[in-house]
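Me: Please present the structure, and then let me ask about the terms used to describe it.

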Amino acid sequence: MTATPNERDGLALRSLLFRRGRERGWRRLEEILRKVDEYGSVNLTAAEAAELPLLYRSVMSSLSVARAIALDRHLLLYLENLALRAYLVVYGPRATVWERLAGFFQRGFPRAVREVRWHLLAATVALAAGIVAGYVLIGHDAAYYNPLMPSELAGDRGPDSSAESLREAIFQDYPGFTQTFIVFANSLFRHNATVALMAFGLGFMFGLPTVFLLLYNGMIVGAIVRVHVDKGLGVDFVGWLSIHGVTELLAVLLASAAGLAVAQGILFPGRLPRLEGLAVKGRMAAGVAAGAVLMLFVAGIIEGGFRQLIANTPGRYAFAALTGALWLAYFTLAGRRGNVSDD
């Protein structure tokens, strides 16, 4: 229905009266928001920062009144847009993507790891049990090696391999930057990330598949260690393995611990309702799993290149000890200061 001239005149008069005494605050808010758009919120003065939430509440009040008395559509759209812009500045994220990433690595990731320390211990026990089982099994009967070991991981190594061929694989020549840091490292990262994400994702099935996956991967490690021990190359092989294994196995253990934390949230929600407890555990566990995948990227670079660049066993053990000490210091000390909300 088209408004009559008298109705349009009355609406315009109401809008004019409504603007009086309020428009100055709207213009001031626009001015501050324009400054934020051009220079960022960090460049606001203390007075402007204190004024901003007050102006935002004022424009929200104006918008509420305008809707209630059905003022003209253009004024409503203007106030809605102004309120939305102010809301994003007052309550929206204050940090850039890079700042959020930096906060995650400086505080969020190590704090989340400390939250799952008991789950990490349980995952470590499961992996260690698998290593012992695989070592003993192959020592008892080497025929179990081929059914147990995936062909892509075994390569040409097995109980029938000669000590010389195994030693040659441990101390093979550096094949060049492209082959190691790009091709091989990328392949290793994809394989290890798949294992880690499976260990995390299977936590939703009450954690049992996560434990079985740890046991199986531990058996693989134990089996191949036993093959080299039987050929008199145990010390050299463990050094070859540890240079990247410290980071790689720790990342897999962290992803598994995150899966076990999710399983705990399902099975033992505690005082919170089950879904709410799972949401809390899930957010924390997802942060651990994401950090673990990024650790596997580092492990892929180490395994793809540095393992062959350092072509002597003492140097490999020293590198492994250094990376282990750095990870321990990081997860123990990082993020101790500040509030969790900072993340």
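Me: Why is Phe109 called buried?
Reply: Buried means under 20% relative accessible area, exposed over 50% and partly exposed in between, with a 1.4 Å probe and protein chains only. Phe109 has 1% relative accessibility and therefore counts as buried. The model is predicted: local features need pLDDT of at least 70, side-chain atom pairs count only at pLDDT 80 or more, and totals for chains, interfaces and linings use all residues. Residues are numbered from 1 along each chain as its sequence is written, and side-chain values use heavy atoms, leaving out hydrogens and water.

Me: What makes Trp327 and Tyr330 an edge-to-face pair?
Reply: Rings of Phe, Tyr and Trp (its six-membered ring) pair if their centres lie within 6.5 Å; planes under 30 degrees apart count as stacked, over 60 as edge-to-face and the rest as tilted. The centres of the Trp327 and Tyr330 rings are 6.2 Å apart and the planes stand at 65°, so the pair is edge-to-face. Both residues lie in helix α14, three residues apart, about one turn of the helix; helices (H or I, at least four residues) are DSSP runs, numbered from the N terminus.

Me: How do you know that Trp327 is buried or exposed?
Reply: Its relative accessibility is 18%, so Trp327 counts as buried.

Me: Which residues form one aromatic cluster?
Reply: The cluster consists of Phe104, Phe105, Phe109, Trp327, Tyr330 and Phe331.

Me: Why is Glu30 called buried?
Reply: The relative accessible area of Glu30 is 15%, so Glu30 is buried. Glu30 is found in helix α2, residues 23-39.

How values were computed: Helix = DSSP H or I, 4+ residues; strand = E, 2+ residues; numbered from the N terminus.
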